[in-house]
Amino acid sequence: MQGSPGRTPMPNTRLLVLFGSQTGTAQDVSERLSREAWRRELGCRVQALDSYPVVNLINEPLVIFVCATTGQGEPPDNMKNFWRFIFRRNLPSTSLCQMDFAVLGLGDSSYAKFNFVAKKLHRRLLQLGGSALLPVCLGDDQHELGPDATIDPWLHDLWEKVLGPHPLPLDLSLTPPGVPWPSKFTLKFLQEVPSTCSEELCVTGTDPQGPPSELQPFLAPMVTNQRVTGPSHFQDVRLIEFDITGSGVSFVAGDVVLIQPENTASHVQQFCQALGLDPDQHFTLQPREPGVPCPARLPQPCSIQRLVSQYLDIASVPRRSFFELLACLSCHELEREKLLELSSAQGQEDLCEYCTRPRRTVLEVLCDFPHTAGAIPPDRLLDLIPLIRPRAFSIASSLLAHPSRLQILVAVVQYQTRLKEPRRGLCSNWLASLDPGQGPVRVPLWVRSGGLTFPKTPDTPVIMVGPGTGVAPFRAAIQERVAQGETGNVLFFGCRQRDQDFYWEAEWTELQTRGCLTLVTAFSREQEQKVYVQHRLRELGPLVWGLLDLRGAHFYLAGNAKYMPADVSDALTSIFQEEGGLSGPAAAAYLARLQRTLRFQTETWA
């Protein structure tokens, strides 16, 4: 007998999924776990770690932890209370002896402390008596297929382990792929259009409580939006300034600003046409199950136009679960067959070739399957399409130098794949399209602590390596440190050409003249053999070694994650050997000690 959508989960199995998420990926994976548990007749609860009463863990028989690693090996904001509790020294070593567990980590292998939180949590749960079902899963953003390359086979093994001691009853079987899981919400369409004012108030919040946050961002006026690369340069890079007067926003060097972008008007129109939606129709959202919260930022009531424009990430590259649900909803035989192929475990390479490698978007996939798209029930929109996640940018200015202002340096993402239409980054292109010279522009934003922390002790030198837009957080740090009278600032900056992408050249020159900055540049395209920041580091090995070993300097690195971090680490190891006389293993240990003591910090991105 096949499982059916109306049945109830197995009464004797209780699966708890707890997640710690900074950008939303860990939450998405947790919800995928819940869907897969449903297919296997397992009751499943999903909660953020800090919303779960951690003392109840002693009563949980089966727990899956899904956690990201942020910054320099730190837990996400929504699991920090749990983190402090679970590492209390007075917890008995038998605290979790009744619990089977597994840990799924999400990280970025370009960072020294790759998946540090997941690894450390796994060890701690073992120390407290828990039984590990599997080795820790190490999802990697740097993999061509993203974290799913590791997660997919790990989940296959997980379900075998879970169902080993808890097999399905003989009269039940795995719910087949063609049966959709229940939708989380229903959209109740309204006959009358509510006033625009009430919808606006739900979002902007005219009487904010505390500093701006994701639930209540500050609508910051954009002051300037200036291109800072030369007209012939291949990359459009913008210096954007916001007025944060009266916002309650405060930040220090190393912090980041979160910006909530929107889809383009043309994409919104295209999406509504593909799905046969009336953009002016208003609705209220109602959860199907008690206790399930609605998306926190979504106003009630809301228009379809607003839902698609500000909430549904139709510009993202869909994951396999998207195709799985789309296949369930399809009534068109040929389209359904193709979608089932793409969503199957055997079709991973086909999915990669169709979607992942060319970076095909949700909207483009829906347009490729028009009969299926036109039959998608509105109730399924929030099951099918992820919410737009805020984008983080390093803050490039200091309040000590620019009071009531916040500046960011934004590389406008645009590149070509084998698809005819160029790929465009949602947030960077949206920001670039805004022109405060044509009228008032407001952008929803809020601030959080970043991955870089600068020394509080006076007279501690800092060495900063920031090629390209990686220099942004170091401008904030230099402005802040100069305002505080700190002159031990060494900046290694790299770009292609002095006259095309040398950001803040005049500012650096003036600070050098005042004796507040030592600037070392690498212009990679101005000579026959390319010169990068790692080459300049080697050339100035005696300076770097002297600052690190004799004066206790802190070393910072920010920029693209592909090759540069490894090249810089290799350059440092060579310097430690050549200038410090260390052996290879001793040089590696010296670098590891700098990382462990946070005297070597990185902030990189793909």
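I number residues from 1 along each chain as its sequence is written. Since the model is predicted, local features need pLDDT of at least 70 and side-chain atom pairs count only at pLDDT 80 or more, while totals for chains, interfaces and linings use all residues; side-chain values use heavy atoms, with hydrogens and water left out.

**Salt bridges.** I searched the whole structure and got 27 salt bridges (a side-chain nitrogen of Lys or Arg within 4 Å of a carboxyl oxygen of Asp or Glu). I looked at Glu36 and Arg32 to begin with: their side chains meet at 3.0 Å, N to O. Both sit in helix α1 (residues 25-39), four residues apart, about one turn of the helix. Helices here are DSSP runs of H or I with at least four residues, strands are E runs of at least two, and both are numbered from the N terminus. Glu36 is buried at 15% relative accessibility, and Arg32 is buried at 11%. For the record, buried means under 20% relative accessible area, exposed over 50%, and partly exposed in between (1.4 Å probe, protein chains only).

Next I checked Glu60 with Arg45, where the closest N and O atoms are 2.9 Å apart. This pair links distant parts of the chain, 15 residues apart: Glu60 is in the loop between β2 (42-48) and β3 (62-68), and Arg45 is in strand β2. Glu60 is buried at 4%, whereas Arg45 is partly exposed at 34%.

Then came Arg288 and Asp379, at 3.3 Å between the closest N and O atoms. Arg288 lies in the loop between β11 and β12 and Asp379 in the loop between α12 (370-374) and α13 (381-384), so this bridge ties together parts 91 residues apart in sequence. Both ends are partly exposed, Arg288 at 44% and Asp379 at 22%. I also noted a network of salt bridges with shared partners that joins Arg32, Glu36, Arg40, Asp148, Asp152, Arg319 and Arg320.

**Backbone.** Most residues other than glycine have a negative phi, and most peptide bonds are trans. Which residues are joined by a cis peptide bond? I found Gln300 and Pro301, with omega about -5°; Pro301 is in the loop between β11 (282-287) and β12 (302-303). Asn115 has a positive phi, near 55°. Its loop runs between β4 (100-107) and α3 (116-127), and Asn115 is buried at 1%. Arg359 also has a positive phi, about 60°. That residue is in the loop between α10 (348-356) and α11 (362-368) and is partly exposed at 33%.

**Annotated sites.** Arg359 turned up again in UniProt: an unreviewed entry lists "binding site" positions including Arg359, Ala392, Leu426, Cys427, Ser428 and Trp605. The listed positions span 247 residues and the farthest two C-alpha atoms are 25.1 Å apart, so they do not all gather at one spot. UniProt annotations may be inferred rather than shown by experiment. I then looked at helix α14 (residues 426-433), where six of its eight residues are buried, among them Leu426, Cys427 and Ser428. Ala392 is in strand β13 (residues 391-394) and is partly exposed at 43%.
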